[in-house]
Every structure is written in C-alpha cells, then in structure tokens.
Amino acid sequence: MKRNRVLVTGGAGFLGSHLCDRLIKDGNDVICLDNLFTGSKDNIRHLLGNPYFEFIRHDITQPVYIECDQIYNLACPASPKWYQKDPIYTFQTSVYGAMNCLGLAKRTGARVLQASTSEIYGDPDIHPQPESYWGNVNTIGIRSCYDEGKRAAETLFFDYHRKHDIEIKVMRIFNTYGPRMDTGDGRVVSNFIVQALKGDDITIYGNGEQTRSFCYVDDLIEGMVRLMNSRAGFTGPVNIGNPGEFSIRELADLIIELTGSKSGIINNPLPSDDPKQRKPLIDLARKELNWEPSVQLREGLVRTIAYFSELMV
C-alpha cells in the first residue's frame, strides 16, 4: 500500500503533535517540521524512533523543499502570551509561512490545509459565528498580529487557489484543549487547571461572563483529517469547534470541582480586544464532513486534568 507523504508544519506543538500521532496511526509517512519556538520535542519524543516519522528543525518563514502529497500548515504561536511576545514574528509566520506552504504545494501538486482560527471573527457582533461572517477585528490592537496574520493567510490561500489552481482546505479552529498543552502558555484551560492543582487562586480577566466554546483535541484532529480528505472542490473555510458555550466563570467553577481544589477566584481587568462571545456554527462541518464533536467538556477536562496532574508531580 502506498503511504501518503505528509508534511506537518508546527508538528511539535500541542495540536501538531496530536495530528502527527493520528497520521502515523492512519498509515502515513509523516514529516514534522518545527523550529521549536513554542513547540517541544517532548511532544513528539515517542515518535522519534518510528521509521515512518521524521523531524526537521526549520523555521517556516524560510522556504522549504520537500516532496510530499499533503501539507498541514499549523505553524504559528497560538496563545496570546506567545504571539504577543514577538508580534512581528507572529505576523511573519502567518504570512510567509502560508506563502512557503503554498509555493511548495504549487511545485509538488500537494493538497494543503491552513489551520486558521476563530480569532479572524474578532469580537463578533453575530452569534454564533457562521463562516460567512466577515468579522469585527481591530487591525491595530495588541492581538492584531495573530488575528490579521491569520486573515492574511486565508487571503493568500484563496488567491493561490484561484490563480494557480492549488487544492486548498481552510479550517477555522475554535478554542481547543487537552493533553500536551503547555503549562505556561497562558491559555484559559491550562491556566485554570495549573492554578487549581497548585491551590492558587484562579485568575479571571473581566467579570467572567464572557463565553467560549471548548473543543477536545481528539475531536479537533478528527475534523482536521476529515477536512483534508474531503471531496475535491470543497475548500472551506469551515468552522471546527464544539458549539457548547460556557462562561469563563462556569469553566473555573467546573475545574475547581473536578480537581477538588480549594482555590478562590480573583478578577483582573479584561485585556484589550478580548472577545465577549465565541461559539461556532458547525452546520457546514456536519454537512460536508459528517463531523461533530463527541467529547463533552466535563469528560475532556477529566482527561486533561489527569495529564497535568501527572506532569506536575
């Protein structure tokens, strides 16, 4: 049986490493490319001896020359803490990274998937967010390096598709959580779990009434693989996320309950441009991919807390 040769940029990151696992399991030959800016070899250490897995340390802002059948472009800092650390580099990663992946797809004839984000919707005035919504994004705010970088990447993908007939797939990822999240990445789920396990007060920004939709990583990867292998001509963009909607305060209370923590809750000022609502409309994913999430928040948090508990021993 011929194995697909699949390139995963950002493959040593949280999502990328889970994707590499899934692609190996499905019988692919996987090339993981990562400069380890936010990724970690610990996430892929269990794969390093696998004959069908290869790790290349490389920055996707520089051209890459590899023969492949499929490209998953996941390379970009994804948490506010990391993408705001060097906002110019974050923007370059989105734009130059997209161009380099698209150039590679043009040369090799590979199908290429862009891991875009729900952040392209900004602080939405339509709820829940359908793919047809153009968004409400501040182009000059502290989050703009990520939001606008991902928007520009989507533009490049569709321009390459129209001009060069590149076979593209664009996926808008909503908040995702699970094992291998970095304990210090500043994302809300990992922050709350680490604080709860330590017995520290849980820090909520704003009044905690802002909402998010949390998708467990296994569900997200299933949607990603289905999109890559979906029918020719279906480009997306398509929302992949869990439409269950929870306030940040509800998330904090649930994590305190599940960890048995005695943590209190403290409120800090809400950061600039922080979205007040986030919930995906996933009708298109249901129709085109026959996909919807199966892991509910409580179950997913139990698995994630177990991972962090072992990590912090």
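Analyst: First, a definition: two strands pair if DSSP finds at least two bridges between them. Strands (E, at least two residues) and helices (H or I, at least four) are DSSP runs, numbered from the N terminus. Residues are numbered from 1 along each chain as its sequence is written. This is a predicted model, where local features need pLDDT of at least 70, side-chain atom pairs count only at pLDDT 80 or more, and totals for chains, interfaces and linings use all residues; side-chain values use heavy atoms, leaving out hydrogens and water.

User: Ok. Which residue stands opposite Arg5 in β2?

Analyst: Asp29 does. Strand β1 (residues 5-9) runs parallel to β2 (residues 29-34), and five bridges join them.

User: And what order do the strands of the sheet come in?

Analyst: The order is β3-β2-β1-β4-β5-β6-β11. That is seven strands in an open sheet, with parallel pairing. The edges are β3 (53-57) and β11 (238-240), each pairing on one side only.

User: Is β6 buried or exposed?

Analyst: Six of the six residues of β6 are buried, so β6 is largely enclosed by the rest of the structure. Buried means under 20% relative accessible area, exposed over 50%, and partly exposed in between (1.4 Å probe, protein chains only). Ile168, Val170 and Arg172 lie on one side, with Lys169, Met171 and Ile173 on the other.

User: How many bridges pair β5 with β6?

Analyst: Six, in the parallel sense.

User: Last one: how do α5 and α7 cross?

Analyst: The axes of α5 (residues 188-198) and α7 (residues 248-259) come within 10 Å and cross at roughly 40°. That makes α5 oblique to α7. Angles under 35 degrees count as roughly parallel, over 145 as roughly antiparallel, 65 to 115 as roughly perpendicular, and the rest as oblique.

User: Which residues meet there?

Analyst: From α5, they include Val188, Phe192 and Leu197. From α7, they include Ile248, Leu251 and Thr259.

Technical notes:
Axes are lines fitted to C-alpha atoms, for helices over the stretch in contact, and angles run from 0 to 180 degrees between N-to-C directions. Contact means heavy atoms within 4.5 Å.
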